[in-house]
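Hi,

Here is the structure I promised to pass on. Have a look at it first, and then read my notes below.

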Amino acid sequence: MPEPAYRIGVDENGLGPRLGPLLVTAVMARVEGEGRQVAQRKPRGALARRLGDSKALVAHGNVTLGEAWARALVERGCGRPGATASSPEALVDAVAIDEREVLRAPCPSHVAPQCWCAEGEAFGAAPELLQSVRGDLAALAAKGVEVVAVRSVLVCSQRLNAALARGLSRFDMDLHAMERLVLELAALSGAEVSAVCGKVGGFDRYSDAFGPLAGRLHAIIEEGRARSAYWFPGLGEIAFVRDGDASDPIVGMASLVGKYLRDLAMARIVRFYRREAPELPDASGYHDPLTTGFIDATRLARQKSAVPDDCFERRALGG
C-alpha cells in the first residue's frame with residue numbers, strides 16, 4: 001500500500017495550567033520523494049535551532065520563534081481562506097478552526113475583554129528571524145515537504161469547566177480536539193493521511209476515549225508507552241507518539257505555533273487585570289508562585305467585575 005501523500009502533525013499547549021486556554025494545533029504537509037524521510041526525522045543543522053520541541057526552544061514571555069512560524073505559514077497561504085498575518089488578532093483568526101463568533105459565544109459581554117481584547121498587541125519577531133523561518137519553509141518544500149495548512153482548536157477555561165461538569169476531563173478535550181483537527185485537514189486534503197499526534201495523558205489505549213472518531217471502523221496497529229497507532233479506512237493512520245514534538249518536524253512546527261497562541265492568550269488576561277493593578281506579575285498560568293500570586297491579587301477585582309470563576313480558573317478534577 002503506498003504511503004499517504006499528506007502528513008499531519010498535531011500537538012497541544014496548555015494542557016495542565018490553572019489559567020488560560022488549551023491550544024491544540026495541527027500542521028499538514030504534502031510529502032513526496034525525499035520528503036517522506038525528511039518529514040519523519042528529527043530536524044538537523046540550522047533548522048534544529050528553529051524547529052523542534054517548543055518547551056526547549058521558547059519560554060513564556062519569549063515566543064517570537066513561534067510567532068515567526070505562525071506568520072510565515074499564514075503568509076504562505078496555510079491559514080483559513082483569505083486570511084492574513086497583518087496583526088496578532090488577524091493571526092488568531094487565520095489559524096483558528098472556529099469562527100470568532102463561535103469562540104466568543106460562551107463569554108458574558110462584560111467578561112469578553114478578559115480574553116479577547118487585542119488593544120496594544122504587536123508582533124515581536126525580528127525581521128531576520130521571520131526571514132530565516134520563511135527560508136526554512138522554502139528549503140523544506142524543495143526537499144519534498146510542502147506545508148499546506150495550519151489550524152488550531154482553542155478551548156477556553158469556561159469550556160473546559162463545562163466539559164468537566166459533563167464528565168469529560170481536559171485529557172478527553174485534548175484528544176477530541178486532535179481528532180477534530182485530523183478530520184478537518186484530511187477533508188481539506190481530499191486524500192488519506194498519515195497523522196502523528198503528541199501522546200495524550202500518557203494513554204496507551206485510545207479507542208474507548210475517542211470522540212469525533214468514536215464509532216468509526218478502525219484497526220489497532222500497536223498500543224504502547226512510546227507509540228499507539230490506528231488505521232481508519234478512508235482516513236488513514238493516526239499515531240500518538242511520546243515526545244513527538246522533539247522528533248517529528250511537523251509536530252514540532254504545530255507545537256511552536258500553539259505555544260505562541262497560548263502565550264498571546266495569557267498576555268491578554270494579564271493585560272486586562274493590569275488596567276486596575278499595573279503591578280500584577282506576568283503570570284504564565286501554570287502551577288507556579290507567580291500564577292498563584294496573580295490569582296490571589298485579582299480576586300477582589302474579579303468579584304467587583306462579576307467575572308465568573310469558571311471563566312477565569314480551571315476547576316480541578318473532582319473539585
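**What I found**

Let's start with helix H4 (residues 88-95), which is mostly covered, with six of its eight residues buried. Keep in mind throughout that this is a predicted model. The buried residues of H4 are Pro88, Ala90, Leu91, Val92, Ala94 and Val95. And what do they pack against? Their partners are H3, S3 and H11.

Two of those partners, H3 and H11, also meet each other, through contacts listed below. Helix H3 covers residues 64-75 and helix H11 covers residues 249-274; they pack at an angle of about 110°, and their axes are 7 Å apart. With an angle between 65 and 115 degrees counting as roughly perpendicular, H3 and H11 are therefore roughly perpendicular to each other. On the H3 side you'll find Leu65, Gly66, Glu67, Trp69, Ala70 and Leu73, and they meet Met253, Leu256, Val257 and Tyr260 in H11. Sorted by type, the residues of this contact of H3 with H11 come out as eight nonpolar, one polar and one charged.

While you're in H11, take a look at Val251, which sits in that helix. Is Val251 buried or exposed? Its relative accessibility is 0%, so Val251 counts as buried. Leaving aside residues up to four places away in sequence, Val251 touches Gly9, Val10, Asp11, Val196, Gly244 and Asp245. One of these, Val10, is 241 residues away from Val251 along the chain, yet their C-alpha atoms are separated by 5.3 Å.

Now for the sheet. It is an open one of seven strands with mixed pairing, and the order is S3-S2-S1-S4-S7-S6-S5. Which strands stand at the edges? They are strand S3 (145-155) and strand S5 (219-223); each has a single partner strand, so one side of each is left without a neighbour in the sheet. From one strand to the next, the twist averages 15°.

Further in, strand S6 (residues 227-232) and strand S7 (residues 236-241) run antiparallel and are joined by six bridges.

Cheers

How values were computed: Residues numbered from 1 in each chain as written. Predicted model: local features only at pLDDT ≥ 70, side-chain atom pairs only at ≥ 80, totals over all residues. Heavy atoms only, no water. Axes fitted to C-alpha atoms, helices over the stretch in contact; angles between N-to-C directions. Helix = DSSP H or I, 4+ residues; strand = E, 2+ residues; numbered from the N terminus. Parallel < 35°, antiparallel > 145°, perpendicular 65-115°, else oblique. Contact = heavy atoms within 4.5 Å. Nonpolar A, V, L, I, M, F, W, Y, C, P; charged D, E, K, R; others polar. Pairing = 2+ DSSP bridges. Buried < 20%, exposed > 50% of the residue type's maximum accessible area, 1.4 Å probe, protein only.
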